[in-house]
Amino acid sequence: MFKKISISKRVNAILALSIVFLLVLATNRIDRKHFEVAQNSVKEVYNDRVVVQDYIFSISNALFKKRLALKDSLIKLQHLKENENIRILLSNFKETKLTIAEARHLDKLQINFDRLIELESQNSQQVIDTTVLKSKISQTLQAMQINLTDLSKIQIQESKDLTFNAQKSLDFSELLSNLEIVFLIITGIAIQFILFYRVKKSR
């Protein structure tokens, strides 16, 4: 039979278990933080990158329709509906999380869009030569398309960076989980040694 465990050994065991509890709690908090980073990165990829790519595609599609109409006849250009769609898309775009470069290109796109509205308004009033006006509108549409291309490149790079950060956080969380298991095994062995080794040896 094992001898009665001494008070000092019980105190040592309690201290060891307390240390285990505190360490597991601390690693759990760190692990949760990294999981939240990964979760937020995934949400940001969708809300601020995937959705924005859809905005860019929709605006580009509207500009394509305008270019087709421009080749047909400036008079037949039904731009009011397309302009309203673009205005809404730009407004939604501005509500997303923007990088500095992204905000700069978006401002350029807005300026070119305002210019496009002004040129199309001149066409409605028929105040200048149609050929000259067509050329100016075409140039503005081209400038807007370049703005959209620059914005699209930013979405791709930002998505890559966010995905990388999310994966790095998940890898770190996995490492912590493995270390927790190893530490618990070592601590369990140490507690058994503290409580029973000398008792067994004295038999």
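Author: Rings of Phe, Tyr and Trp count as a pair if their centres lie within 6.5 Å. The model discussed here is predicted.

Reader: How many aromatic pairs does the structure hold?

Author: The structure holds one. Its rings belong to tyrosine 55 and phenylalanine 93, with centres 6.4 Å apart.

Reader: How are the planes of the rings of tyrosine 55 and phenylalanine 93 placed?

Author: Planes under 30 degrees apart count as stacked, over 60 as edge-to-face and the rest as tilted. The planes of tyrosine 55 and phenylalanine 93 are at 50°, so this pair is tilted.

Reader: Which parts of the chain does the pair link?

Author: The pair links distant parts: tyrosine 55 sits in helix α1 (residues 7-72) and phenylalanine 93 in helix α2 (residues 80-94), 38 residues apart.

Reader: Are tyrosine 55 and phenylalanine 93 buried or exposed?

Author: Buried means under 20% relative accessible area. Both tyrosine 55 and phenylalanine 93 are buried. Across the protein, buried residues make up 33% of the 203 residues.

Reader: What span should α2 have, and what distance separates its end C-alpha atoms?

Author: The expected span is 1.5 Å times one less than the number of residues. The 15 residues of α2 should therefore span 21 Å, and its end C-alpha atoms are 21 Å apart, which agrees.

Reader: Which residues of α2 are buried?

Author: They are Glu82, Asn83, Ile86, Leu89, Leu90 and Phe93. Seen down the axis of α2, the buried residues fall within an arc of 125°, so they line one face of the helix. The face turned away from this buried side carries Leu80 and Lys81, which are exposed.

Reader: Where is aspartate 48, and is aspartate 48 buried or exposed?

Author: Aspartate 48 belongs to helix α1. Its relative accessible area is 11%, so aspartate 48 counts as buried. The C-alpha atoms of aspartate 48 and glutamine 155 are separated by 8.3 Å, although these residues are 107 residues apart along the chain.

Reader: Which residues make the nonpolar surface patch?

Author: Ile30, Phe172, Leu175 and Leu179 make this patch of about 350 Å². Helix α4 (residues 130-201) gives the most to the patch, with three residues.

Reader: Where is phenylalanine 172 found, and why does phenylalanine 172 count as partly exposed?

Author: Phenylalanine 172 is found in helix α4. Phenylalanine 172 has 35% relative accessibility, so it counts as partly exposed.

Terms used: Residues numbered from 1 in each chain as written. Predicted model: local features only at pLDDT ≥ 70, side-chain atom pairs only at ≥ 80, totals over all residues. Heavy atoms only, no water. Phe/Tyr/Trp six-rings, centres within 6.5 Å; stacked < 30°, edge-to-face > 60°. Helix = DSSP H or I, 4+ residues; strand = E, 2+ residues; numbered from the N terminus. Buried < 20%, exposed > 50% of the residue type's maximum accessible area, 1.4 Å probe, protein only. Patch = residues over 30% accessible without salt bridge, like charges linked within 9 Å, V, L, I, M, F, W, Y side chains within 5 Å. Areas by Shrake-Rupley, 256 points an atom, 1.4 Å probe, with all protein chains shown as cover. Salt bridge = Lys/Arg side-chain N within 4 Å of Asp/Glu carboxyl O. Arc of directions from axis to C-beta.
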